[in-house]
Amino acid sequence: MSGLITLGPDVLAIHHLSLRGDPHWRDNEEALAKLRGTPKALSIYTLLDLVGMVSRHVGERSGRDLYLSYLRSEEHTILFPPHHDSWEEHIDKVMRFLARGLNYRDALEAMVIESTPEVELYLSWKSILVGRVAVRVQTPADYVSSARK
Amino acid sequence: MLLQVRISSALVRRIDELCQEGLFRNRSEAVSDAIRMLLARYSHTSPEARATALYLGGRLGRAGNPEDIVFRAEERGAGVLEE
């Protein structure tokens with residue numbers, strides 16, 4: 001596992017829910033197509049987010065099936081957070097990320113990303129993460145254009 | 001039924017301590033209780049939870065690409081992500 005590109009939940013939701021009405025749709029698809037065949041990662045929080053969205057808009061069975069498909073994927077690694085033994089320990093860790101101005105969900109994501117040294121790039125449309133996560137954050141559009149250069 | 005298993009001496013010592021405390025009559029009873037707890041734990045878990053345990057243990061077979069799964073929901077737009 002080296003130089004992993006990690007996908008955010010927004011990127012995967014636009015793809016799996018086929019959100020053609022989203023302004024990012026085309027660039028999002030192009031970036032995922034470009035990454036096809038390369039090892040990628042997503043956090044367990046991203047995967048669980050995705051399962052919830054698919055369950056809500058498509059159905060429970062589809063959400064559960066998608067979860068299992070990601071666990072079995074040959075191309076994707078699921079990143080789990082370091083185990084915490086107590087709430088005190090968790091609060092201590094997550095507070096450092098909340099202090100950067102992230103909401104709790106993004107703080108959890110940042111914790112997983114930063115505890116995985118192999119992650120070199122995080123793909124998301126959320127500009128709030130830029131400069132608040134100690135990993136390079138790019139939008140799929142920026143990724144596609146930088147890959148062209 | 002006789003079941004032969006190999007476990008560490010440290011675990012056996014801990015089981016013996018529990019037996020000495022009177023929590024179990026002997027090692028067999030302690031091990032039987034542990035197995036009952038194990039079976040109860042897995043009888044209540046979802047297939048997703050079991051698959052997660054297999055994944056974390058590196059014992060889940062890998063196949064396919066989930067990005068091939070696309071649901072047709074074209075009428076939905078950016079609002080979905082803000083919900």
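The expected span of a helix is 1.5 Å times one less than its number of residues. In this predicted model, helix H4(A) has 13 residues and reaches 19 Å from its first C-alpha to its last, close to the 18 Å expected at 1.5 Å a residue.

**Helix H4 of chain A**

Gly63(A), Leu66(A), Tyr67(A), Tyr70(A) and Leu71(A) are the buried residues of H4(A). They lie on the same side of H4(A), because the arc they cover around the axis is only 140°. Their cover includes H1, H3 and E3 of chain A, and helix H3 (47-56) of chain B also takes part in it.

**The contact between chains A and B**

On the side of chain A, 30 residues are in contact with 23 residues of chain B. Four elements of chain A each supply at least two residues of the side that touches chain B: helix H1 (9-16), helix H3 (44-57), helix H4 (60-72) and strand E3 (76-79). The largest share of that side, 9 residues, comes from H4(A).

After H1(A) comes Ser18(A), which has a positive phi, near 55°.

Chain B has 4 helices and 0 strands, and its pattern along the sequence reads α-α-α-α. Of its 83 residues, 4% count as buried.

**The strands of chain A**

| Strand pair | Sense | Bridges |
|---|---|---|
| E1(A) (residues 4-7) and E4(A) (residues 119-123) | parallel | 4 bridges |
| E1(A) and E2(A) (residues 40-43) | parallel | 2 bridges |
| E2(A) and E3(A) | parallel | 4 bridges |

Individual residues show how these strands are linked. Thr6(A) has Tyr122(A) as its bridge partner in E4(A), and in E2(A) the bridge partner of Thr6(A) is Ala41(A). Ala41(A) in turn has Thr77(A) as its bridge partner in E3(A).

In a regular strand the side chains alternate between the two faces of the sheet. In E2(A), Lys40(A) and Leu42(A) point one way, while Ala41(A) and Ser43(A) point the other way. All of these residues of E2(A) are buried.

**The nonpolar core**

The largest nonpolar core has 39 residues. Within this core, the residues with the most contacts are Leu50(A) and Ala110(A). Its largest share, 6 residues, comes from helix H6 (residues 104-114) of chain A. Residues up to four places away in sequence not counted, Ala110(A) touches Phe97(A), Leu102(A) and Val133(A).

**Summary**

Helix H4(A) supplies the largest share of the side of chain A that touches chain B, and helix H3 (47-56) of chain B is among the elements that cover the buried residues of H4(A). In the strands, E1(A) runs parallel to E4(A), and E2(A) runs parallel to E3(A).

How values were computed:
Residues are numbered from 1 along each chain as its sequence is written. Chains are lettered from A and ligands numbered from 1 in the order in which they are written. This is a predicted model: local features need pLDDT of at least 70, side-chain atom pairs count only at pLDDT 80 or more; totals for chains, interfaces and linings use all residues. Two residues are in contact if their C-beta atoms, placed from the backbone, lie within 7 Å. A residue is buried if 20 or more other C-beta atoms lie within 10 Å of its own, exposed if 12 or fewer, and partly exposed in between; C-beta atoms are placed from the backbone. Two strands pair if DSSP finds at least two bridges between them. A nonpolar core is a set of buried Ala, Val, Leu, Ile, Met, Phe, Trp, Tyr and Cys residues joined through C-beta atoms within 7 Å. The arc is that of the directions from the helix axis to the C-beta atoms.
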